[in-house]
Amino acid sequence: MTPKLKQELRKILTGIGIFFVLLILDKTGAVPVVFHNRLLSFLLYLIPYFICGYPVVRKALLGIKNHQPMDESLLMVIATIGAFATGENSEACAVMAFYQVGEWFQSYAVGQSRKNIADLMDIVPEEANVERADGTVETIDPDEVSVGDILVIKAGEKIPVDGEVLSGESMVNTAALTGESVPRSVHPGEQVISGCINGEGLLRVKASKEFEDSTVSKILELVENASEKKSRTENFITRFARVYTPIVVYAAVALAIIPSILTRDPATWIYRACTFLVVSCPCALVISVPLAFFGGIGAGSRNGVLVKGSNYLELLARLDTVVSDKTGTLTEGNFKVSEILPAEGVDPTELLRAAALAEGMSTHPIAVSIREALSAASDFEVNTRLVTETENVSGQGLIARVQGRAVYVGNAGLMTAHSISFHKAQDPAATVVYVAEEQRYLGAILIKDQLKPEAKEAIREMKAEGVRNIVMLTGDRQSVGDAVGKELGLDTVYAELLPQDKVSKVEELLKGLDQCGHQQGKAELAFVGDGINDAPVLARADVGIAMGSMGSDAAIEAADVVIMDDDLRRIPLAIRIARRTVGISTQNIVFALVVKILILILGALGIANMWAAVFGDVGVAMLCILNSMRLLRIKRSIGADQ
């Protein structure tokens with residue numbers, strides 16, 4: 001609790017304490033000479049009234065001065081003045097005191113919701129230690145770090161900018177960014193991101209980005225802008241309150257004047273009009289609904305899911321179709337040799353050696369995986385000087401001249417085109433590389449992109465959250481796509497797509513959603529991707545979800561939701577948070593309107609008094625706020641019941 005909130009609470013409790021003393025003396029008749037005197041009683045009750053309600057009166061007067069009077073402060077002031085005018089001093093004081101209790105509780109709840117997001121501010125490093133050319137270490141502001149600078153990061157310090165570890169080994173705490181409490185081990189050659197906390201080791205890191213382009217800066221920018229993008233429900237409530245408040249004031253005036261003229265009993269009808277004003281105060285709706293969405297964004301950020309606005313929470317809650325890229329999203333994006341199938345009489349190392357020499361100059365992931373497999377199997381080092389000529393055959397592979405002999409590395413089409421007899425490998429999930437030397441078939445190498453270990457569980461959880469259709473788009477072969485789709489339990493797979501084809505396919509899927517209520521906002525489509533080529537599709541989908549820590553800057557910029565640790569299980573968690581947020585805001589709206597309408601009717605009929613109105617305003621607001629605060633209890637853990 002902040003010092004300001006503590007001070008306000010002490011003031012409110014003081015006012016309420018004085019009020020209850022006066023109320024007891026008043027109702028028990030202990031001091032009749034005071035409380036039977038209307039003026040003295042009024043003056044005494046003004047003491048707790050102004051101790052508690054001075055900010056409300058001041059706000060109402062400022063609203064009148066600025067020609068913007070129609071808000072809940074004016075309603076409270078008019079209602080309490082009316083109660084004082086009819087001699088109901090204790091009820092006038094009670095309305096103001098308990099209204100302030102509700103306002104304080106609202107401030108406390110907003111503070112707790114903001115805390116989840118404000119905690120992110122702690123990830124901002126205050127300084128950076130830069131190693132200069134002469135070996136000295138200079139402490140500078142992170143904004144002054146340049147790309148290529150060598151940073152010295154001691155145990156317990158925050159990593160100031162994104163970079164590559166040059167030396168040292170340590171455990172890095174990523175909890176502030178990803179919501180994952182388990183530290184990650186880092187070694188030379190690995191990337192580290194800003195905002196994480198170094199463990200016990202000393203790291204030397206080469207800066208790969210300036211501070212303004214680093215992960216920590218982008219996260220803060222996303223979070224700070226999130227509150228500007230309101231949900232449709234929030235916008236409706238704001239417009240509703242703007243129209244509703246003057247209508248209520250005019251209705252209360254009519255209730256006070258018209259029946260008074262007809263019955264010649266102004267005191268009764270002024271009291272009922274004041275009761276009407278108190279219960280009709282819209283603060284329960286105006287506060288609890290935005291608080292629910294703010295709490296949802298906070299719960300997401302605490303769990304490693306950055307939502308760029310509460311409008312995207314509403315869209316996530318209505319997801320019908322999730323479309324995903326394959327490589328780097330559902331798979332690791334890390335190709336590895338899964339099986340070696342040498343021809344009869346051929347040693348596996350000979351097969352790998354021939355392929356590695358032919359692919360020696362290539363940076364393609366398949367070529368890299370072959371060289372890594374050879375390195376793991378033997379001490380042989382690829383000498384590219386042995387390769388005198390290389391020819392790329394479009395759509396088939398390559399032909400290299402190694403020590404004067406032709407080596408063929410490619411698909412079945414390459415073998416067929418050069419009349420090389422080969423044995424076809426049967427693994428639809430693998431990329432098959434056939435290798436031959438001259439006309440001699442050496443064998444086949446099977447290479448697979450490894451599925452993310454959590455992918456199958458994430459798909460299952462998305463289904464459990466009500467996602468009807470999960471689709472994969474890939475540029476890979478149809479057989480590979482189908483095999484991955486079958487293993488993960490996907491509904492549809494579209495393969496052999498170019499980047500522009502993915503946009504067209506998403507457009508097609510969006511049109512197909514119309515029959516499920518897409519145009520009416522009842523069924524939405526999300527796209528999950530991580531590469532720069534996914535940016536156009538992320539922007540076109542109703543909700544773009546980027547895998548953040550390894551994703552490209554362009555993908556993160558185009559996305560509406562960012563998964564900070566690339567764990568696919570964060571997606572069903574985000575859907576769960578969104579649906580709980582929308583559900584809680586709906587509960588608040590229905591509960592507040594039903595209770596208020598009921599007490600409004602009873603108050604107009606003279607059945608409900610101002611104490612019931614206090615419950616209809618403050619009580620309902622506090623219950624709605626408590627309901628919204630349930631979002632703060634969503635746990636960090638994933639892969640289990642939240």
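Q: Is Cys93 buried or exposed in this model?
A: Residues under 20% relative accessible area are called buried. This is a predicted model, and in it Cys93 counts as buried because its relative accessibility is 1%. Cys52 is buried as well, with a relative accessible area of 2%.

Q: How many disulfides does the protein have?
A: A disulfide is a covalent bond between the sulfur atoms of two cysteines. Here the count comes to zero.

Q: Which residues have the most contacts inside the largest nonpolar core?
A: A nonpolar core joins buried residues through side-chain atoms within 4.5 Å. The largest one has 49 residues, and those with the most contacts inside it are Tyr45, Tyr49, Met76, Val278 and Met610. Helix α9 (residues 266-279) supplies the largest share of this core, eight residues. Another core, of 40 residues, lies apart from it and includes Leu351, Ala354, Leu374 and Ala436.

Q: Which residues does Met610 contact, leaving aside neighbours within four places in sequence?
A: Met610 is in contact with Ala79, Ala83, Glu91, Val95, Tyr271, Cys274, Thr275 and Val278. For the protein as a whole, among contacts between residues at least 6 apart in sequence, 65% join residues at least 24 apart.

Q: What share of the protein counts as buried, and what area is exposed?
A: Of the 642 residues, 52% count as buried. The protein exposes about 29,200 Å², and carbon and sulfur atoms supply 56% of that area.

Q: Which residues form a nonpolar patch on the surface?
A: The patch is made of Val253, Ile257, Ile258, Ile261 and Leu262, which together have about 520 Å² of accessible area. One of these residues, Ile258, is in helix α8 (residues 232-263).

Q: Where does Ser419 lie, and what is its phi?
A: Ser419 lies in the loop between α14 (412-417) and β16 (431-437). Its phi is near 55°, a positive value in a residue other than glycine. Ser419 is exposed, with a relative accessible area of 62%.

Q: What is the phi of Glu438, and where does Glu438 lie?
A: Phi of Glu438 is near 55°, again a positive value in a residue other than glycine. Glu438 lies in the loop between β16 and β17 (440-451). At 29% relative accessibility, Glu438 is partly exposed.

Key: Residues are numbered from 1 along each chain as its sequence is written. This is a predicted model: local features need pLDDT of at least 70, side-chain atom pairs count only at pLDDT 80 or more; totals for chains, interfaces and linings use all residues. Side-chain values use heavy atoms; hydrogens and water are left out. Patches are made of residues with over 30% relative accessible area and no salt bridge: like charges are joined within 9 Å, nonpolar side chains (Val, Leu, Ile, Met, Phe, Trp, Tyr) within 5 Å. Accessible areas come from the Shrake-Rupley method with a 1.4 Å probe; for residues, only the protein chains shown count as cover. A salt bridge is a side-chain nitrogen of Lys or Arg within 4 Å of a carboxyl oxygen of Asp or Glu. Helices (H or I, at least four residues) and strands (E, at least two) are DSSP runs, numbered from the N terminus. Buried means under 20% relative accessible area, exposed over 50%, partly exposed in between (1.4 Å probe, protein chains only). Contact means heavy atoms within 4.5 Å. A disulfide is a pair of cysteine sulfur atoms within 2.5 Å.
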